[in-house]
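Good morning, and thank you for coming. I would ask you to keep the structure in view while I speak.

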Amino acid sequence: MNKQLQQIIHIPANPPVSPTRQPTEKVYAALIEPKHANTIIRRLNQIAPLQNLHHLKRIHKKQVQGGKPELFVILCLASENEKQSNTMTPDVEDVVNSYNLTPFVTEVCKHAALSKEEWEEQCKLWPTSYHPPTYNIHGITGFSEEDSESVFSFMKSTVELAKSGDHLFVNAALIVDPLVGQIIASACDEVCSWHMGTSKAKTETCHFKPSEGFTSDADANRIARDTSLLSNGSSNNLQQCDTTVFCLNPWQFTQQSLDSSPCYCHPLRHAAIVAIEASAARDRHLFPDSGLSEKLYEVDSTHSSPSCSPAKRQRITLENVKSGGEQAENSESSNSLTRPYLCTGNDIYLVWEPCTMCAMALVHQRIRRIFYALPNPEAGALGSVHRLQGEKSLNHHYAVFRVVLPELEFPAER
Amino acid sequence: MGDPNYDKMNEDEPFDDDDIGVLEGDVCFRSVGFGWLVSVSEVFFLIFQRISRDLQMESDNLAYMELAIHQAKLAMESLEVPVGCVFIKDGNVVASGRNRTTETRNATRHAEMEAIDILLEKWQKDGLSKAEVAKNFSQCVLYVTCEPCIMCAAALSFLGIKEVYYGCANEKFGGCGSILSLHSSCSEPSISDEVPQRKGFKCTGGLMASEAVSLFRSFYEQGNPNAPKPHRAIVQKRVEG
């Protein structure tokens, strides 16, 4: 990886499959005369349609050096069982005989390509078609100059937020509305500094002393390694905090069990979770009338016509409340004021790839895009250990990007 | 008692090998003279004790899950997706929670998260040390009406909880077997010895699943007023177990 360049890398929903490992299927193919191509294809599409293999192109055009291109056509699927030699239907045999073809068995890719890279490799075997993801999340197909600048700038702000002096001791999160370039919420890990009811405590004021059994185990070495790498190896200052970024080792709460200092600790207040909480608080602050509308809805639902769906009714009620008793037709036009559903349309910037808990929390809160700067090889849920953006059963999917910042010193990547 | 899940739980309960060992040894030792009569009756007594202990455990499980269901009903009354839970430590309810996602506009405020916060606040107020808090979590059993989602299952594993009983499976987000298996401790073979120790927990599904499902059903039948715009009613939820 070129460390000189800052870049944005899309982390796809599926791990890239090496083309040599993509499952293949055997088909009968044959060289045909270009002048017969149209009629043969039309006939084959009728008598031997390529079911479940719609990504395959029927024709494979091979350039031959110093000559005319050669056309190959897929006749039909070949049997998996090689002993069962005659798997062509009489109709296909008919075509073979009437055009004097010489069928041979070849391999094609069984599944449609999931990425451009996969597709390029597939085509080396036999041409296929590739349809980029239909869900259109801005950025998957690349960023404009302006958008990239904005992404880099937000990411740099996030890194600054996480810094304590020269050290990156905590993860930081920035929730952004990309349409207006506005920061919705920002937060750091609040695991070691949590006080009941005061969520604004700063992480820098860490209440823990290094625990006794701490320096001996592998865990400590790992943390020391991370810390020293992140601070350019200039310091082994572990006195400030005996912990580091919580998404990197979320199990540390149960591991450092020798600590007998009073517990000011909330092991789950990772930066992303705290940021979500802050965005929810902002939502409640900006749209305080929603609770009222729910009460109205309850009353409303008992009196209005049953033909109106509850969801629709609630929305109308909400708009009425917001337009402050204006005419109904006026509230129709004020649709843009409607409260967004959770963080729909918002982006989050994180210094580190989030752990499973945080990644799923971001699914729940309907974040649109996640940008992180540093991978989390041991607990990351967006490509490292799990890949939540690729879990089809979830009811929401975000796009994930890694933002490479050359000024960040990376922990050793594995 | 006609609940099929009830029988399922019996199967899940592993038979304790240690008990058998002790019993057989006992029988051999006393099988001279009339001692055998005493030991046979002892055997029956121990078996009876074991059965009654199992029955007691089951009725406890049901009683705790009833409390979780009650929490779910409270959620439903507040127009929240009906999920509820209780944390049990040493046989006592130490915290209960219900889903609060709509009220807080924070979709992470699941019943489990609510109850965990209550516990942490309580133990912090009591002045417990971090080690004591960790120890307490390792003695807690969670009863929750629906399989913990991926987020909650991860959180429970981070806290090192002892055991989880859930009602119905969560086929969209479940983190205890449905989508991911975050409760099993070594799902990934560790390549490096520096890999953080993953904490697993024992997890049993299907406890009063039908009650949990019927709550969901009545909630979605009335229409989830808080779902995003293109919403459809989810009525069918398959029951695990």
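What you see is a predicted model. Its overall scores are ipTM 0.75 and pTM 0.65. In chain B the average pLDDT is 80, and 73% of the residues score at least 70. Two stretches of that chain call for caution. Residues 1-31 of chain B have a pLDDT below 50, and this stretch makes 31 contacts in the model beyond near neighbours in sequence. Residues 230-241 of chain B also have a pLDDT below 50, with 23 contacts counted in that way. Where pLDDT is low, the predicted coordinates should not be read in detail.

Let me turn to the sheet of six strands. In chain A, 6 strands make up an open sheet, in the order β1-β12-β11-β10-β8-β9, with mixed pairing. At its edges are β1 (7-11) and β9 (182-188) of chain A, each of which pairs on one side only. From one strand to the next, the twist averages 20 degrees.

Which strands does β12(A) pair with, and in what sense? With β1(A), the pairing is antiparallel and extends over 5 bridges; there, A:Q7 stands opposite A:V404 of β12(A). With strand β11 (residues 369-374) of chain A, β12 (residues 399-404) runs parallel, and 4 bridges join the two. In that pairing A:Y372 faces A:R402 of β12(A).

How many of the residues of β12(A) are buried? The count is 6 of the 6, so this strand is largely enclosed by the rest of the structure. In a regular strand the side chains alternate between the two faces of the sheet. Accordingly, one may look at each side of β12(A) in turn: A:A399, A:F401 and A:V403 are buried on one side, and A:V400, A:R402 and A:V404 are buried on the other, which leaves both faces covered. Please note that A:R402, the residue opposite A:Y372, is among those buried.

The next sheet is antiparallel. It is an open sheet of 4 strands of chain A, in the order β3-β4-β2-β5. The edge positions belong to β3 (59-62) and β5 (104-109) of chain A; each has a single partner strand, so one side of each lacks a neighbour in the sheet. Here the twist averages 40 degrees from one strand to the next. Strands β2(A) and β5(A) run antiparallel and are joined by 6 bridges, and A:A29 has A:F104 in β5(A) as its bridge partner. Helix α3 (residues 116-125) of chain A packs on this sheet, where it touches β2, β3 and β5 of chain A, at about 180 degrees to the direction of β5(A).

A:L31 belongs to strand β2 (residues 24-32) of chain A. Is A:L31 buried, partly exposed or exposed? Its relative accessible area is 41%, so A:L31 is partly exposed. Beyond four places in sequence, A:L31 contacts A:E70, A:L71, A:F72, A:L101 and A:F104.

I come now to the cores. The largest nonpolar core has 128 residues, and the members that touch the most others are A:M357 and B:F87. Helix α7 (residues 150-159) of chain B supplies the largest share of this core, with 9 residues. Residues of both chains surround A:M357: it touches A:L268, A:H270 and A:I273, together with B:M113, B:M151, B:A154, B:A155 and B:F158, leaving out residues up to four places away in sequence. There is also a second, separate core of 19 residues, including A:A30, A:A78, A:M88 and A:V92.

Finally, consider helix α3 (residues 35-77) of chain B. Its 43 residues reach 62 Å from first C-alpha to last, close to the 63 Å expected. After the helix comes B:L79, which has a positive phi, near 60 degrees. Within α3 of chain B lies B:Q71. Its relative accessibility is 13%, and the cut-off for burial is under 20%, so B:Q71 counts as buried. Apart from neighbours within four places in sequence, B:Q71 is in contact with B:G84, B:C85, B:S96, B:G97 and B:R98.

Thank you; I welcome your comments.

Note on methods: Residues are numbered from 1 along each chain as its sequence is written. Chains are lettered from A and ligands numbered from 1 in the order in which they are written. Side-chain values use heavy atoms; hydrogens and water are left out. The expected span of a helix is 1.5 Å times one less than its number of residues. Two strands pair if DSSP finds at least two bridges between them. Axes are lines fitted to C-alpha atoms, for helices over the stretch in contact, and angles run from 0 to 180 degrees between N-to-C directions. A nonpolar core is a set of buried Ala, Val, Leu, Ile, Met, Phe, Trp, Tyr and Cys residues joined through side-chain atoms within 4.5 Å. Buried means under 20% relative accessible area, exposed over 50%, partly exposed in between (1.4 Å probe, protein chains only). Contact means heavy atoms within 4.5 Å. pLDDT is the predictor's confidence in each residue, from 0 to 100.
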